Amino acid sequence: MSYGANHRFIRTLKGTAMALSAVVALTLFPTLAPVQASDYRDTPARMGNSGLNARPLALGIGKSVVIDLPRDIKDVLVADPKIANAVVRSAQRAYIIGAAVGQTNIVFFDSTGQQIAAYDIAVTRDLNGIRTALRQSIPNADIQVEGLGDGVMLIGSVATPIEAQQAADLAARLAGDASKVVNNIAVRGRDQVMLKITVAEVQRDIVKQLGVDLTASMNYGTSVVKFSNTNPFTQSGGPLVANNALTTSFGSGPSVSATLRAMESAGVVRTLAEPNLTAISGEPASFLAGGEFPVPSGVTCTNSLCTPSVTFKKFGVLLNFTPVVLTEGRISLKVSTEVSEVSSDNSIVIGGLSVPSIKTRRIESTVEIPSGGSLAMAGLIQEQTKQAINGLPGMTQLPILGTLFRSRDYINRQTELMVMVTPYVVRAVAQKDLSRPDDGFADASDPQSDLLGNINRIYGVPGRTGPAQTYRGRFGFITD
């Protein structure tokens, strides 16, 4: 067979294959609307006889588009058939079908070898399902879904952060992998939340200590008998001991002395902390009002000269919170608050340096509250009683005389603690509507300080008067 015959045979096979492909495409896609070459007039490319620029064409995986061309197709060039393929339906109509995620190009030629059209094909994930689901679940949002390789990119705006999170979760579920979703959704008019924390605590302590110390010295000829009994107070856990003493001595030669130590103490400690902090919805914020104290952390030696190293520990009022405005006026809060103070209880001495301890009240929780509503986030009612009797074995069991050989240490401690949170959705206001703690403060003059004992002048905002208040109810003297 000659070369010309071979060439005609190959052309015949190609025509047969194209016809079969057209039949298959017509069977699979009978309702596809054709795309005319004039449909791409909004692109920079224009039809011409030669040197055509490629037109961009986006397809989804398994989706196709119909191309109508102005002249008969003689040949088709597909750069990567694994990404997209072209099926010729008739002399001037072809299908372009997306097969896999990626980019390729397709060029159509006529019988003279001139280019009829060229297309840059970008095959992405089918996004119509995600678009439909987002429109149904978040109808008031303005969200666009774009393909990004084999992933999905969300752009646009929503009203609240919770809607942005819902859109990202829905796209991740439909995409099958959360790592393939890029969330670039902006929140319109993000809310700001001010959080008011109230930490109120009352501690009541009652300490009772009573003990007798006996000391005796007796001489019998050349023998000397000495006796000493000092009873400790063990329940305080610190330097608190009975400091009221009464000493009595008996005898001029052989002597016996008794020291009575007794103390009764009652105290109350009230702690009130009200930190306020404002943050944008969805962003964390932190507040600390306190200080730091040094704590030895080791020893550093240089040329046989050793110096202690010191680290600093924070104490005071600490507040960390992350607010999220869920719906209009409803707020989800992740709160961590701490109130700590330096204490001498359980302190230790290292190298002659006294290291104090820290009393801490710490709460961490996640709550959901309406704007302006209050919630008791944590509470504690605790009562602790300690009592111990120390003395000389055997002698402490005597009914009356045993009191001279023992000490009694009694401590009762009651604690009531409550932590309340109150969030507010806030807006910016004019500066004149805000008040500062030093508004209207003025130092007193020297004559006012020296003669009258004043330390400041009238304290208040000049020109500002409070609302008139009228008392309603019964008043006057009450007699029994």
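Strands (E, at least two residues) and helices (H or I, at least four residues) are taken as DSSP runs numbered from the N terminus, and two strands are regarded as paired if DSSP finds at least two bridges between them. The pairing of β4 with strand β7 (residues 102-109) is antiparallel and extends over four bridges, with Phe108 in β7 as the bridge partner of Val76.

As to the conventions, residues are numbered from 1 along each chain as its sequence is written, and side-chain values use heavy atoms, with hydrogens and water left out. Because the model is predicted, local features need pLDDT of at least 70 and side-chain atom pairs count only at pLDDT 80 or more, whereas totals for chains, interfaces and linings use all residues.

Two aromatic pairs are present in the structure, the criterion being that ring centres of Phe, Tyr and Trp (its six-membered ring) lie within 6.5 Å, with planes under 30 degrees apart classed as stacked, over 60 as edge-to-face and the rest as tilted. Phe108 and Tyr119 form an edge-to-face pair, with 6.3 Å centre to centre and 80° between the planes. This pair links distant parts of the chain, since Phe108 belongs to strand β7 and Tyr119 to strand β8 (residues 115-124), 11 residues apart. Both Phe108 and Tyr119 are buried, a term that denotes under 20% relative accessible area, as against over 50% for exposed and the range in between for partly exposed (1.4 Å probe, protein chains only). The pair of Phe293 and Phe315 is tilted, at 6.0 Å centre to centre and 55° between the planes, and likewise links distant parts of the chain, with Phe293 in strand β17 (residues 285-302) and Phe315 in strand β18 (residues 305-327), 22 residues apart. Phe293 is buried, at a relative accessible area of 9%, whereas Phe315, at 23% relative accessibility, counts as partly exposed.

Another open sheet, of three strands and again with mixed pairing, has the order β9-β10-β11. At its edges stand β9 and β11, each with a single partner strand, so one side of each is left without a neighbour in the sheet. Direction ignored, neighbouring strands of this sheet are turned by 10° against each other on average. β9 and β10 pair in the antiparallel sense over seven bridges, among them that of Gln144 with Ile155 in β10. The pairing of β10 with β11 is parallel and also comprises seven bridges; Val182 in β11 is the bridge partner of Met153, while Asn184 in β11 stands opposite Ile155.

Two helices lie against this sheet. Helix α2 lies across β9 and β10 and runs at about 165° to β9, whereas α3 touches β9, β10 and β11, its direction making about 160° with that of β11. Helix α3 (residues 161-175) has 15 residues and spans 21 Å from its first C-alpha to its last, close to the 21 Å expected at 1.5 Å a residue, the expectation being 1.5 Å times one less than the number of residues. The buried residues of α3 are Glu163, Ala164, Ala167, Ala168, Ala171, Ala172 and Ala175. These buried residues pack against α2 (128-137), β9 (142-148), β10 (151-158) and β11 (181-187), contact being defined by heavy atoms within 4.5 Å. Gly176, which follows α3, has a positive phi near 90°.

For the chain as a whole, four helices and 22 strands are assigned, and 30% of the 480 residues count as buried. Among contacts between residues at least 6 apart in sequence, 62% join residues at least 24 apart. The chain exposes about 30,200 Å², of which carbon and sulfur atoms supply 55%, with accessible areas taken from the Shrake-Rupley method with a 1.4 Å probe and, for residues, only the protein chains shown counted as cover.

Terms used
Axes fitted to C-alpha atoms, helices over the stretch in contact; angles between N-to-C directions.
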